[in-house]
Amino acid sequence: MGLAREEEVEIYDQPLFMPGAKVRARKAVKNDGTMPGCEIGEIVVRKGDEGYVRDVGTYLQRFYIYAVEFLDCGRIVGMRGRELTAADAVDGAVGDISDEQETAA
């Protein structure tokens, strides 16, 4: 019997980004089937794409989901805080994570 990985309940703390914040994608994000007009597995956001947080919601009463509007590609994508960094932050200041691709939330 394996042990489940315990993740922090993010909603006990304040959101990392508020509506209007300019953010940058830290990794490429693929469509998990929730993006209309895109094939499953298609990349919907590329690493380094910049956008603005439109709204902050929650998922499973545990995690913040940030609705980010990426103006260059004209998409609004739900993303986790770990997939984003402040656009005005110095590269690497938040800590690097792997370049693995995530699926859109």
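Leaving aside neighbours within four places in sequence, M79 is in contact with A25, V29, Y64, I65, Y66, F70 and L84, and this methionine is also listed among the residues that touch the most other members of the largest nonpolar core. The model is a predicted one, and its chain of 105 residues contains 8 strands and 0 helices.

**The nonpolar core**

- The largest nonpolar core has 16 residues, and those touching the most other members are V44, V45, Y66, V68, V77, M79 and L84.
- At least two residues of this core are supplied by each of the strands β1 (22–25), β3 (43–45), β5 (63–70) and β6 (75–79).
- The largest share, 4 residues, comes from β5.

**Aromatic rings and a charge over a ring**

- A search of the whole structure finds 2 aromatic pairs, and one of them is formed by F17 and Y66, whose rings are arranged edge-to-face with 5.6 Å from centre to centre and 80° between the planes.
- Because F17 lies in the segment before β1 while Y66 lies in strand β5, this pair ties together parts of the chain that are 49 residues apart in sequence.
- Both partners of that pair, F17 and Y66, are buried, and for Y66 the relative accessibility is 1%.
- The rings of Y64 and Y66 have centres 6.3 Å apart and planes at 40°, so this pair counts as tilted.
- Through these ring pairs, F17, Y64 and Y66 are linked into a cluster.
- Elsewhere among the aromatic side chains, the face of F63 has R80 lying over it, at 4.1 Å from the ring centre.

**The surroundings of Y64**

- Y64 has its place in strand β5, and with a relative accessibility of 11% it counts as buried, since the cut-off for that class is under 20%.
- Not counting residues up to four places away in sequence, Y64 touches E10, I11, D13, Q14, P15, V56, G57, T58, M79, R80 and G81.

**The chain as a whole**

- Among contacts between residues at least 6 apart in sequence, 58% join residues that are at least 24 apart.
- Of the 105 residues, 31% count as buried, while the chain exposes about 6900 Å², of which carbon and sulfur atoms supply 49%.

**Confidence of the prediction**

- The pLDDT of the chain averages 82, and 78% of the residues score at least 70.
- Over residues 92–101 the pLDDT is below 50, and in the model this stretch has 15 contacts beyond near neighbours in sequence.

Notes: Residues numbered from 1 in each chain as written. Heavy atoms only, no water. Core = buried A, V, L, I, M, F, W, Y, C linked by side-chain atoms within 4.5 Å. Buried < 20%, exposed > 50% of the residue type's maximum accessible area, 1.4 Å probe, protein only. Contact = heavy atoms within 4.5 Å. Phe/Tyr/Trp six-rings, centres within 6.5 Å; stacked < 30°, edge-to-face > 60°. Lys NZ or Arg CZ within 6 Å of the ring centre and 35° of its normal. pLDDT = per-residue confidence, 0-100. Areas by Shrake-Rupley, 256 points an atom, 1.4 Å probe, with all protein chains shown as cover.
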